Amino acid sequence: IILPDDEVSTVEKLLNEYLYLANSNLYNGIAWRMFETKKNLPSALQYGEKGIEIARKDVKNPTGIKPVYIDAEKWKDSKKIALGLILDTYGNIQNELGKTEAALKSFEEAATLTNGDYPELNESYVLLLYNLKQFEKAKNKSEEFISKGKSTNKIQEIFNNSFIKLGGSKD
C-alpha cells in the first residue's frame with residue numbers, strides 16, 4: 001500500500017468509498033504502512049484495532065468464499081493466521097508508542113495463532129521479551145523458534161545473549 005503524505009484523510013476517503021472491500025488484511029496493510037513510516041502512529045493503532053475486531057469476528061464466524069483447494073480446517077486456520085498477523089502489526093505499533101506490556105500480549109497471541117511460523121513476528125516477540133529483561137522466556141521462546149527452523153539471525157543472537165544473562169558462558 002502506498003500512501004501519500006496526507007495519508008489519514010486519503011485512507012478514510014478510500015475506506016468510505018470501498019467499505020465493502022474492507023477486511024482485516026486491508027486494515028493490517030494500512031496500519032503496517034503507517035508503522036513503517038512512523039507517521040500517524042495513533043491513527044495506525046486505530047486501524048490495527050479495527051482490523052483486529054474484523055479478524056476476531058472472522059475467526060469465530062468465517063466469512064467470504066472458501067477456496068475449493070483447501071479443506072474447512074485449513075480455511076479456519078487461515079483466519080487465525082490473519083488475526084495473528086494483524087496482532088503482530090498492532091504489537092509493533094504499541095511497542096513503538098511505549099506500550100510494551102500491551103505489545104507483549106499482542107505478540108504472544110500472534111505467535112500462538114500463527115504457530116510460531118513467521119520468523120519476523122517471532123523476532124519482534126523475543127526481542128521485546130529480551131528488552132523487558134524476561135531472559136528465561138526469551139531464551140526458551142528463541143530456542144523453540146530455532147528448533148522449528150522459524151528464526152532469524154537476531155533470534156539466534158537473543159538466544160545467545162539470554163543464555164549468557166542467565167549465567168551461561170560464551171563457550
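**Note on the salt bridges**

1. The structure holds eight salt bridges, a salt bridge being a side-chain nitrogen of Lys or Arg within 4 Å of a carboxyl oxygen of Asp or Glu. The model is predicted: local features need pLDDT of at least 70, side-chain atom pairs count only at pLDDT 80 or more, and totals for chains, interfaces and linings use all residues. Residues are numbered from 1 along each chain as its sequence is written, and side-chain values use heavy atoms, with hydrogens and water left out.

2. One of these salt bridges joins the side chains of Arg-56 and Glu-109, at 2.7 Å from N to O. The pair links distant parts of the chain, 53 residues apart, with Arg-56 in helix 3 (residues 41-60) and Glu-109 in helix 5 (residues 100-113). Helices here are DSSP runs of H or I, at least four residues, numbered from the N terminus. Arg-56 counts as partly exposed because its relative accessibility is 34%; partly exposed lies between buried (under 20% relative accessible area) and exposed (over 50%), with a 1.4 Å probe and protein chains only. Glu-109, at 29%, is also partly exposed.

3. Asp-58 and Lys-79 form a salt bridge through their side chains, at 2.9 Å from N to O. This pair too links distant parts of the chain: Asp-58 is in helix 3 and Lys-79 in helix 4 (residues 72-96), 21 residues apart. Both Asp-58 and Lys-79 are buried.

4. Within helix 8 (residues 153-165), Glu-157 and Lys-154 lie three residues apart, about one turn of the helix. Their side chains meet in a salt bridge of 3.4 Å, N to O.

Notes
Helix = DSSP H or I, 4+ residues; strand = E, 2+ residues; numbered from the N terminus.
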